[in-house]
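Here is my note for you, point by point. Keep the model open beside it as you read.

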Amino acid sequence: MRILGIETSCDETAAAVVEDSINLLASVVASQLDTHGKYGGVVPELASREHLRAIVQVVREAMERSGTSYPALGAVAVTCGPGLVGSLLVGMTFAKALSFAHGLPLIGVNHIEGHIHAVVMETRHGGQEVELPALALVASGGHTHLFEVREGWRYRLLGKTRDDAAGEAYDKVAKLLGFGYPGGPVIDRLAPHGNPGAVRFTLAKMKGNPLDFSFSGLKTAVLRWTQARDLAAEIQARRALLKSNSRPATEDWLAVTPRDTLDLLASFQRTVIEELLRRVRLTGEQINARALIVSGGVAANQGLRRAAEQARFPYPVLFPTVGLATDNAAMIAAAAFAKYRRGEFAGLDLGASAGLTLAS
Ligand code: KG4
Ligand code: ZN
């Protein structure tokens, strides 16, 4: 059985076809990087407009590349939240039209559950099942959450960020230092060139739930570090580099980034990783986790992947392949299979929910 997934919650227009919750037949992602890059973040009005421009072609490509015709589909799945309402509505309206025109069941998927199911799908593809209860760390530009994943794909929220998301911290630090948007990939590439022990940031102390995260203090500490120095010339040089080339190579960045700044980036990344893995260690013990799922854009981070491997957790550590860590539609189609089996179909009145939660 094949499901077409559609994802437009933020700044990627994506469509994918997944078969039997295991085989990814085609995944198409149209990034809006060139549109938002120069603004240092996603501009909601522009995002909706770009989704409108891209959606027809992206869905057509996913259907063609997977060799699927509409009558051969079992359902159409679409992200219904959380995300930017104007962006969500583009994908949802398109999915509803397809569902109505072809008489296909419609399935609404929570974006965060999608991130988790990218890993479930890939694990199955490798011939295994994710053992439950699992711990799921979903860290991206919009959210940083720890869930317990139970049988029947039921979720319990263990901790979440009280302020910035982990990816948002990357994006803000990168913007502050003239590295453009998104910040995660460039900081990740430059961090190995600096000394991660050079700048000592204090780890966040949480009142109340010790499993909650906070990244705003770290962001402020980086701001103070920059204010204590005269970085105008190097920031200027990096902005000029970005203007001449929207995707500079690592060597180009290194040419305009002095050692002190590389040390700062390495130390920032080390601190984010420590904050994330500290909570994982605590919660893993608490729920007797049999697997750890790490997903969302920050799961693409090479430093985090290495650190999680070296942490010697007493359960398997499961990351998605890098292309399925950041936003995509394969994860939306994958998450829809369990809903299909349970008969959880949506009507054409399915609403977009900007603040949709997965569990409390
Ligand atoms: O999951 P995603 O594509 O979109 C949201 O649901 O937010 O995540 C995008 C976020 C951005 O904040 C980006 O800077 C971050 O993920 N990101 C990374 C890396 N690649 C993307 N953060 C750290 N290291 C990376 N390699
Ligand atoms: Zn996401």
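Predicted model: local features only at pLDDT ≥ 70, side-chain atom pairs only at ≥ 80, totals over all residues.

1. Cys10 is in no disulfide. The nearest cysteine sulfur to that of Cys10 belongs to Cys80, and it is 16 Å away. A disulfide is a covalent bond between the sulfur atoms of two cysteines.

2. Now take the view from Cys80. Cys80 is in no disulfide either, and the nearest cysteine sulfur is that of Cys10, 16 Å away. Are these two residues buried or exposed? Cys10 is partly exposed, with a relative accessible area of 24%. Cys80 has 9% relative accessibility and counts as buried. The cut-off for buried is under 20%, so Cys80 falls within that class.

3. Look next at the chain as a whole. The protein chain is divided into domain 1 (2–126 + 323–342) and domain 2 (134–315). Note that domain 1 is written as two stretches of the chain. The C-alpha centres of domain 1 and domain 2 lie 26 Å apart. How many residues does each domain give to the contact? Domain 1 gives 22 residues and domain 2 gives 20 residues.

4. Next comes a sheet. Five strands make an open sheet with the order β3-β2-β1-β4-β5, and the pairing is mixed. Which strands sit at the edges? They are β3 (23–31) and β5 (106–110), and each pairs on one side only. Neighbouring strands of this sheet are turned by 20° against each other on average, direction ignored.

5. Check two pairings in that sheet. Strand β2 (residues 12–19) pairs with β3 in the antiparallel sense, over eight bridges. There, Thr13 stands opposite Ala30 in β3. On the other hand, β4 and β5 pair in the parallel sense, over five bridges. Thr79 stands opposite Val109 in β5. Both senses turn up here, in keeping with the mixed pairing of the sheet.

6. Leu106, Gly108 and Asn110 point one way from β5. Ile107 and Val109 point the other way. All of these residues are buried, whichever way they point.

7. Helix α2 (residues 44–65) touches β1 (2–7), β2, β3 and β4 (73–81). The direction of α2 makes about 20° with that of β2. Helix α4 (residues 111–125) touches β1, β2, β3, β4 and β5. The direction of α4 makes about 100° with that of β5.

8. Find Val85 in helix α3 (residues 85–102). Val85 is partly exposed, with a relative accessible area of 38%. Now trace the chain to Gly351. Val85 and Gly351 are 266 residues apart along the chain. How far apart are the C-alpha atoms of Val85 and Gly351? They are separated by 9.6 Å.

9. There is another sheet to inspect. Five strands form this open sheet, in the order β8-β7-β6-β9-β10, and its pairing is mixed. The edge strands are β8 (154–160) and β10 (317–318), each pairing on one side only. Strand β6 (residues 134–139) and strand β9 (residues 291–295) run parallel and are joined by five bridges. Ala134 stands opposite Ala291 in β9.

10. Finish with the aromatic rings. The structure holds six aromatic pairs. One of them joins Phe179 and Trp253: the ring centres are 5.0 Å apart and the planes are at 55°, so the pair is tilted. Phe179 lies in the loop between α5 (166–176) and α6 (183–190). Trp253 lies in helix α9 (residues 250–255), so the pair ties together parts that are 74 residues apart in sequence. Phe179 counts as buried, at 2% relative accessibility. Trp253 counts as buried too, at 2% relative accessibility.

11. Compare another pair. The ring centres of Phe213 and Phe215 are 6.3 Å apart and their planes are at 10°, so this pair is stacked. Phe213 and Phe215 are both buried.

Notes. Residues numbered from 1 in each chain as written. Chains lettered and ligands numbered in written order. Heavy atoms only, no water. Phe/Tyr/Trp six-rings, centres within 6.5 Å; stacked < 30°, edge-to-face > 60°. Helix = DSSP H or I, 4+ residues; strand = E, 2+ residues; numbered from the N terminus. Buried < 20%, exposed > 50% of the residue type's maximum accessible area, 1.4 Å probe, protein only. Disulfide = S-S within 2.5 Å. Pairing = 2+ DSSP bridges. Axes fitted to C-alpha atoms, helices over the stretch in contact; angles between N-to-C directions. Contact = heavy atoms within 4.5 Å. Domains from an automatic or database assignment.
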